[in-house]
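Please look over the sequence and the structure below before reading on.

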Amino acid sequence: MQNLQKTWTSDFQSIIDYKPNLHVLALCLHPALDITVYTKNGKQTGRREDLGGKAVNLARMLHLLGARVTLVAPNDKHGLTAQLLEGCGYDFELIDTDLCLRKNVKTIDACGKIEEHNSCAGTLSPQHYAQLIDRVLHICRTRQISILSLCGSFPQGVEKGVYKSLIERAKALNIACVTDATNDALFLAIQAKPCLIKPNLQEFCQVFSQDLSMLKTKEQVERLIFASYLATDVPILCSLDKHGCIYAGREGLFDVCGPIVEHVAGFAGAGDTLLASFVYARMLCNATVEKSLKFACAAATAKVRLPANTLPFAQQIFTEWTQTDIRKAEHEIY
């Protein structure tokens with residue numbers, strides 16, 4: 001692997017100073033109430049509640065970086081989704097439904113132990129499902145959308161192939177699509193060839209039918225991810241938790257590592273921060289893939305140092321940027 005460590009401050013500043021004019025549409029079919037509980041010696045020391053879900057987290061980070069973004073989502077039957085979005089700063093459109101706002105409870109102990117319990121929102125009726133999809137397609141046709149983000153899980157009542165269908169229809173409108181999903185939803189979406197998918201390693205192994213326990217070295221992971229890119233012609237940004245991320249695309253194979261975070265303050269949305277920051281730098285600011293990957297990994301590292309759904313600002317990202325390594329495959333051995 002060839003070391004690409006030398007990156008000047010001006011490279012980072014060029015991303016931060018860029019003023020993108022492209023419009024991103026983010027679809028969130030399954031918003032959540034993210035509840036983060038902090039404990040010490042078995043006793044609660046703090047608690048925070050935020051609106052979450054992959055698409056919501058992505059929209060928040062894109063907006064913080066300076067992108068123009070619109071979120072489309074179901075409003076729960078109690079109207080909590082709408083209340084939690086008030087004052088978010090970016091555009092959103094909600095379809096009233098009979099869903100509940102699902103709860104994701106994350107417990108973080110002072111000694112580093114992390115537990116997570118997630119629930120489902122219920123069943124989305126065919127009428128409300130159709131209204132959501134129709135609204136997404138209407139916005140795609142009428143608002144000069146450049147990127148459609150399809151991220152997150154589904155409530156009951158949603159077809160497994162919904163992302164695949166939306167990618168096909170968006171591509172007919174010359175709209176690029178990025179996808180962060182799991183299992184059948186991701187497998188089917190890949191068939192429509194989005195411009196990027198962002199699984200974590202476990203999700204990657206599930207959708208590409210690989211045994212995670214058989215991957216003993218990072219080199220094995222790299223080879224497998226690049227082979228999967230070649231087989232599908234779909235670029236892959238695979239997050240590796242504390243070990244950074246691996247990217248495989250037409251630009252080559254890259255391994256990106258930020259500094260190890262000993263004490264995680266909040267892990268909710270770290271992968272979404274990675275994806276949003278890469279989309280922002282690469283697709284909205286036209287940065288090189290190397291700069292974009294370094295920026296994205298630095299942002300994700302900065303995120304886990306912050307409590308709950310707090311997002312990193314430029315100076316926090318830059319601190320991690322200076323300690324982030326990126327390497328590219330030297331030879332075409334993959």
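**A walk through the helices**

D233 is partly exposed, with a relative accessible area of 49%, where buried means under 20% relative accessible area, exposed over 50% and partly exposed in between, for a 1.4 Å probe and protein chains only. This is a predicted model, in which local features need pLDDT of at least 70, side-chain atom pairs count only at pLDDT 80 or more, and totals for chains, interfaces and linings use all residues. Residues are numbered from 1 along each chain as its sequence is written, and side-chain values use heavy atoms, with hydrogens and water left out.

D233 lies in the loop between α8 (218-232) and β12 (236-239); helices (H or I, at least four residues) and strands (E, at least two) are DSSP runs, numbered from the N terminus. The phi of D233, which follows α8, is positive, near 60 degrees. From D233 to P312 there are 79 residues in sequence, and 32 Å in space from C-alpha to C-alpha.

Helix α8 itself has 15 residues and reaches 21 Å from its first C-alpha to its last, close to the 21 Å expected at 1.5 Å a residue, the expected span being 1.5 Å times one less than the number of residues. Its buried residues are V221, E222, L224, I225, F226, S228, Y229 and T232. The elements that cover these buried residues include α6 (183-191), α7 (201-207), β12, β13 (245-249) and β14 (252-257), with contact meaning heavy atoms within 4.5 Å.

Helix α4 (residues 126-142) can be read in a similar way. Its 17 residues should span 24 Å at 1.5 Å a residue, and its end C-alpha atoms are 24 Å apart, which agrees. In α4, the residues H128, Y129, L132, I133, V136, L137, I139 and C140 are buried, and their cover includes β2 (23-27), β5, β6 (91-96), β9 (145-151) and α5 (162-172). After α4 comes Q144, whose phi is positive, near 55 degrees.

Strand β5 (residues 68-75) contains N75. N75 is buried, with a relative accessible area of 7%, and, leaving aside residues up to four places away in sequence, N75 touches L80, T81, A82, L94, I95, D96 and T97.

Two pairs of helices remain. Helix α2 (residues 54-65) and helix α9 (residues 270-284) pack at an angle of about 45 degrees, with their axes 8 Å apart; axes are lines fitted to C-alpha atoms, for helices over the stretch in contact, and angles run from 0 to 180 degrees between N-to-C directions. This makes α2 oblique to α9, since angles under 35 degrees count as roughly parallel, over 145 as roughly antiparallel, 65 to 115 as roughly perpendicular and the rest as oblique. The contact is made by K54, N57, L58, M61, L62 and L65 of α2 and by D272, T273, L275, A276, S277, Y280 and L284 of α9. By class, this contact of α2 with α9 has eight nonpolar, three polar and two charged residues, where Ala, Val, Leu, Ile, Met, Phe, Trp, Tyr, Cys and Pro count as nonpolar, Asp, Glu, Lys and Arg as charged, and the others, Gly among them, as polar.

The axes of helix α10 (residues 289-304) and helix α11 (residues 314-321) come within 8 Å and cross at roughly 110 degrees, which makes α10 roughly perpendicular to α11. Their contact is made by K291, K294, F295, A298, A299, T301 and A302 of α10 and by Q316, I317, E320 and W321 of α11. The residues of this contact of α10 with α11 divide into six nonpolar, two polar and three charged.
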